Amino acid sequence: MIGKLTMMHALLAVAACGSIYLAVREVQRRYISQWRLLAPPTLGLGVALGMAVIQIAARQPGWPFIVVLLAGLVAGGVRGTLMRIEHDLYRPTVAVSRPAKLVLVWVALAVGGALAVEIAAADMNPRPETVRFGAALVAMLCAAAMQGRALALAVRLHRHFLPRQERPTSHRSNRRTP
């Protein structure tokens, strides 16, 4: 059964499992840390890029991957921009309902499912190239959406929660009062 699988498939499977695991851990946590925010989408995007490389090596066109990547980044960026962030005395928290948090897990599972379709289709005798190509596009869309969400949240956290001494002051606040 594993005659047509490559080492690339094994590495992508490990990365997909890591992305799912870290997405579940992010959903369970109350506070946001930037490395935990960026780790699941980075692994997911690695899986999607690996699947895209496999498809491009199989002589599929590369431009749909770029289009889907940009669409996913925009959709995830919009989602990350619209999320509400709160701050207590300790750390910033994302104020999102439980079902909305589970969307991240479902998107990570979609990347893993697309990889499972790729692995299953790679072993079939008449290879269904359109199924493999579609699975790679779905993985790219989902991973790019996760990455866009994470980048938008990271930018918002960095901008909004800078320490007071690092914030630029206006010219009026620099004036001395007699």
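**Briefing: an aromatic pair and a helix contact**

The structure holds one aromatic pair. The partners are Phe 65 and Phe 133, and their geometry is edge-to-face. The model is a predicted one.

**Aromatic pair**
- The ring centres of Phe 65 and Phe 133 lie 5.4 Å apart, with 80° between the planes.
- That angle is edge-to-face because planes over 60 degrees apart count as such.
- Phe 65 sits in helix H3 (residues 63-82), and Phe 133 sits in helix H5 (residues 129-160).
- The two residues are 68 residues apart, so the pair links distant parts of the chain.

**Helix H2**
- H2 covers residues 34-57, which is 24 residues.
- From first C-alpha to last, H2 reaches 34 Å, close to the 34 Å expected at 1.5 Å a residue.

**H2 against H4**
- Two packed helices are described by the angle between their axes and the distance between the axes.
- The axes of H2 and H4 (residues 98-122) come within 10 Å and cross at roughly 25°.
- H2 is therefore roughly parallel to H4, as angles under 35 degrees count as roughly parallel.
- The crossing of H2 past H4 is left-handed.
- H2 contributes Gly 44, Val 47, Met 51, Ile 54 and Gln 55 to the contact.
- H4 contributes Val 111, Ala 114, Leu 115 and Glu 118.
- By class, this contact has six nonpolar, two polar and one charged residues.

Methods: Residues are numbered from 1 along each chain as its sequence is written. This is a predicted model: local features need pLDDT of at least 70, side-chain atom pairs count only at pLDDT 80 or more; totals for chains, interfaces and linings use all residues. Side-chain values use heavy atoms; hydrogens and water are left out. Helices (H or I, at least four residues) and strands (E, at least two) are DSSP runs, numbered from the N terminus. The expected span of a helix is 1.5 Å times one less than its number of residues. Axes are lines fitted to C-alpha atoms, for helices over the stretch in contact, and angles run from 0 to 180 degrees between N-to-C directions. Angles under 35 degrees count as roughly parallel, over 145 as roughly antiparallel, 65 to 115 as roughly perpendicular and the rest as oblique. A crossing is left-handed if the near helix is turned anticlockwise from the far one by less than a right angle, and right-handed if clockwise. Contact means heavy atoms within 4.5 Å. Ala, Val, Leu, Ile, Met, Phe, Trp, Tyr, Cys and Pro count as nonpolar, Asp, Glu, Lys and Arg as charged, and the others, Gly among them, as polar. Rings of Phe, Tyr and Trp (its six-membered ring) pair if their centres lie within 6.5 Å; planes under 30 degrees apart count as stacked, over 60 as edge-to-face and the rest as tilted.
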